[in-house]
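Please keep the sequence and the structure in view while reading.

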Amino acid sequence: MKLSKILISGVRNISSAELAPSPALNLIIGENGSGKTSLLESIYILSTARSFRTVKIRNIVSSVEATVDKALIYGEITSGSSGVMEAQQGVEVSNKGKVRARRNGASVTNASILAHALPVQLINSDTFQLLEGSPKIRRQYMDWGLFHVEHDYVESWSRFNRALKQRNRLLRYGKLTGLEAQLKPWNEELAACAEQIHSLRMDHMSELAPKIESKFSQMCLVAGLDVSYRSGWDNEVTYGDYLANNFERDRVLGYTRDGPHRADLSIKLEGLQASERLSRGQSKMLVCALKLVQGDIVSDIRGYKTIYLVDDLPSELDAENRDVFLKQLKETKGQVFITAVDESFMIVDKDSSLTNAVFHVKQGVFSKVK
Ligand SMILES: Nc1ncnc2c1ncn2[C@@H]1O[C@H](COP(=O)(O)OP(=O)(O)O)[C@@H](O)[C@H]1O
Ligand SMILES: [Mg+2]
């Protein structure tokens, strides 16, 4: 999917902007504080109804003008080749934090609908935590693909989490007598969901892993990466049995220690954690490879392209890696938005064939220069 038109008003320092981006690579150039990240944030909100910068979404509403009480983001979406508008999507955020979304004129109450129609992958300085950060970040990475390609997944995952909350509440506050019996229905629900989540994750990762390994070796000429999925419990036994066998431990702890909520990805090279074995630059390229492969899978299975938002590329990758990554982004044939403080990094793009549109931004005002 591609955005052929973006309208933004009242988002941070962007009082009003109208952009007609290229369906390929868009470069956004501006000084620090000019509004580059705010543009990427706006596109991200259009896809997810959430911000990647704050959990308090009301903070995105411009506080400059007293009359502005909401932020509006609107996008026209094409599937790429035809260039004909196929859908419209809009998100409104009030300064009280109320989010309202519309798609093709109808109001949307489930944000998944927005994201399914407009898959977005973000690459910013936080993304590079993927290898070294907590397992939660890697679960989110894995789940992004499942969310887009397996529509049952979200349902199983939210059912699992609801049941987990109930089980944990009982473990923590329930009376000891009869506790096992009280846990039984929740154990059954958890077991059913866990098996489904596990099997979908396993299939997804067995498809993803070899692609990540080959993408990374192509990008960095480093072979032998080993990506594997960890279920989050000792899955020699079913999750139902596992919960029953470990009841006493969980009771003492007061929560359900293991399960799909503890799943992880192991990314190793020559037996060591990849992040310990690779240089900083190579680690970052590995994260880029991970992101590219997720986007590719969505395009292959769903038949439409992921939009890439890459914030402050030059400060994240050195010239050589940038060149490799830019070419990979170009090869996705999807729409890409890259921000940078100045254009000089595009020196790799000698014949300027990589960038298709260049926007300059100054104090929240965007102008197209190419
Ligand atoms: N709610 C807000 N209202 C008005 N301005 C804001 C708000 N939040 C942030 N800003 C300002 O918006 C500007 C743009 O920020 P940002 O998009 O991060 O710039 P860049 O990515 O180009 O460095 C900053 O100067 C910041 O102070
Ligand atoms: Mg920024």
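Which residues of β13 point one way, and which point the other way? V336, I338 and A340 point to one side of β13, F337 and T339 point to the other, and all of them are buried. This pattern illustrates a general rule. In a regular strand the side chains alternate between the two faces of the sheet. The model discussed here is a predicted one.

**A buried strand and its partners**

Strand β13 covers residues 336-340; five of its five residues are buried, so the strand is largely enclosed by the rest of the structure. Buried here means a relative accessible area under 20%. Strand β13 pairs with strand β3 and with strand β12. The table sets out these two pairings, with one bridge partner from each.

| Partner of β13 | Residues | Sense | Bridges | Facing residues |
|---|---|---|---|---|
| β3 | 25-29 | parallel | five | I29 and A340 |
| β12 | 307-310 | parallel | three | L309 and F337 |

**An open sheet**

Another sheet is open and has three strands in the order β9-β10-β11, with antiparallel pairing. Strands β9 (225-230) and β11 (272-273) stand at its edges; each has a single partner strand, so one side of each is left without a neighbour in the sheet. Strand β10 (residues 264-269) is joined to β11 by two bridges, and K268 stands opposite Q273 in β11.

**The largest pocket**

Rolling a probe the size of a water molecule over the atoms shows where empty space is left. The largest pocket holds about 1400 Å³ of space. Its lining consists of 36 residues, and Y44, R50, Q140, Y141 and W144 lie nearest the centre of the pocket. Two or more lining residues are given by each of α1 (36-48), α2 (111-117), β8 (120-123), α3 (135-149) and α4 (151-173). Helix α3 gives the largest share, nine residues.

Strand β8 contains Q121. Is Q121 buried or exposed? With a relative accessible area of 2%, Q121 is buried, because the cut-off for that term is under 20%. The side chain of Q121 also makes a polar contact of 2.9 Å with the side chain of K291.

Notes
Residues numbered from 1 in each chain as written. Chains lettered and ligands numbered in written order. Predicted model: local features only at pLDDT ≥ 70, side-chain atom pairs only at ≥ 80, totals over all residues. Heavy atoms only, no water. Buried < 20%, exposed > 50% of the residue type's maximum accessible area, 1.4 Å probe, protein only. Helix = DSSP H or I, 4+ residues; strand = E, 2+ residues; numbered from the N terminus. Pairing = 2+ DSSP bridges. 1 Å grid on protein atoms, 1.4 Å probe; cavity = no way out; pocket = protein on both sides within 12 Å on 5 of 7 lines; lining within 4 Å. Points joined across faces, edges and corners; volume = space filled by probe spheres on them. Polar contact = N/O pair within 3.5 Å; in protein donor to acceptor, adjacent residues only side chain to side chain.
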